[in-house]
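Let's take a walk through this model together. Keep the viewer open and follow along.

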Amino acid sequence: MAEIIFRSRMDAKRFYDHLLKCLRYHSNNQDILLFEDRHIVKISESKVRFDEVKEAFYEFIIKIKRDDWFRAILQERYFFEDPEEQDHIMEIIYSVLEGQREDLAVFIKENAEEPQIREAVEEIFQEDVSFSFDSFLKFRLRPYLKMLESYVEISIDEYKMEQEYQMFIQTLRDFLASREPKMDTLHLLFDEEITFFDQQFEEIKRGELMRMIDRKLLFNHPVYVDSASIAPLLSIAPKSIHLYTKNPDEPLVRTIKNIFEERVLIKSYKGLRHTKEWIQQENTANENGA
């Protein structure tokens, strides 16, 4: 008979329920027993396949306990007590764990949790028929728990940056809301640099753009406002922006969309040339007709 001793009744019950689910056992099965008062789960070695128990124990760590540890680190080490803030940071953590954020993963020295845990689980089940879950964590999973801290730390930094970005976007939206549009439609071509065109598809030269910029904007937001793109856009405050790009997910394109929202129309990179040709043909036809 093997037994695992947990610190809390809740953890013992959660592991017991998880083990029954993984092994497809019913709660009245006597091969796996829960002693809630002593926080113990007992398993019959003769009737239960221990390969399946080890797999269930591994899953209990990474699917159930890992969330607990992440939230404990957030609350006890970094004092994030608001559940909504915790949830937001947890989303960032899991985006890194699932390989969706390579830009953040590079800052984490180790990213091989599965071999670490599987090796520790294999060792504990070979050596002991009875063990404390807390002792297992303390002596076998210390490097793993340390690695979880690094995920939390990098995700908190990203969360704070996102919050600052959202505050920046909202400040510029507020500035935009107070502006009278100086142009109905503005065309932007994203290439090696950004080119501005007016409603007649005439290029607006850099010097003219600089003269259009509201100096209060640069004075109040000198670090964040790009004088080559964001500042003239906010100063002109067009009713609509036709943005031609090869990459709609480019950071500056996303920023412009976030600030101007429904005013922005994303179009293909080649769309500007086709539209200009169409306008020229229309103008020529009108001139000939006149």
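What follows goes from the sheet to the hairpins, then to the salt bridges and the pocket.

A bit of housekeeping comes before the tour. This is a predicted model, in which local features need pLDDT of at least 70 and side-chain atom pairs count only at pLDDT 80 or more, while totals for chains, interfaces and linings use all residues. Residues are numbered from 1 along each chain as its sequence is written, and side-chain values use heavy atoms, with hydrogens and water left out.

Let's begin with the strands. Helices (H or I, at least four residues) and strands (E, at least two) are DSSP runs, numbered from the N terminus, and two strands count as paired if DSSP finds at least two bridges between them. With that in hand, look for an open sheet of 4 strands in the order β2-β3-β1-β4, with mixed pairing. The edges are taken by β2 (32-35) and β4 (130-132); each has a single partner strand, so one side of each is left without a neighbour in the sheet. On average, neighbouring strands here are turned by 15° against each other, direction ignored; the axes behind that angle are lines fitted to C-alpha atoms, for helices over the stretch in contact, and angles run from 0 to 180 degrees between N-to-C directions. Zoom in on β2 and you'll find 4 bridges joining this strand to β3 (residues 40-43), the two running antiparallel. Leu-33 has Lys-42 in β3 as its bridge partner.

Strand β5 (residues 185-190) pairs with β6 in the antiparallel sense over 4 bridges, and a hairpin of 3 residues joins β5 to β6. Across that pairing, Leu-188 stands opposite Phe-196 in β6. Phe-196 also stands opposite Ile-204 in β7, where 2 bridges join β6 to strand β7 (residues 203-204), again an antiparallel pair. This second hairpin, β6 to β7, has 5 residues between its strands, and Phe-201 in the turn has a positive phi of about 65°.

What covers β6 (residues 194-197)? Both faces are covered: Ile-194 and Phe-196 on one side, and Thr-195 and Phe-197 on the other, are all buried. Buried means under 20% relative accessible area, exposed means over 50%, and partly exposed is in between (1.4 Å probe, protein chains only).

Next come the charged pairs. The structure holds 20 salt bridges, each being a side-chain nitrogen of Lys or Arg within 4 Å of a carboxyl oxygen of Asp or Glu. Start with Asp-17 and Lys-13, whose closest N and O atoms are 2.7 Å apart. Why about one helical turn between Asp-17 and Lys-13? Because they are 4 residues apart in helix α1 (residues 9-23). Asp-17 is partly exposed, with a relative accessible area of 35%, and Lys-13 is partly exposed too, at 32%.

Arg-14 is partly exposed at 24% relative accessibility, and Asp-68 is partly exposed at 26%. Salt bridges that share partners join Asp-11, Arg-14, Lys-65 and Asp-68 into one network.

Finally, there's the largest pocket, with about 560 Å³ of space. The search runs on a 1 Å grid over the protein atoms alone: a cavity is a set of points where a 1.4 Å probe fits but cannot get out, a pocket is an open set with protein on both sides within 12 Å along at least five of seven lines, and lining residues have an atom within 4 Å of a point. Grid points are joined across faces, edges and corners, and the volume is the space filled by probe spheres set on the points.

The largest pocket is lined by 19 residues, with Arg-7, Trp-69, Ala-72, Leu-137 and Leu-145 nearest its centre. The elements giving two or more residues to this lining are α1, α2, α6 (133-140) and α7 (142-177). Of these, α2 gives the most, with 7 residues.
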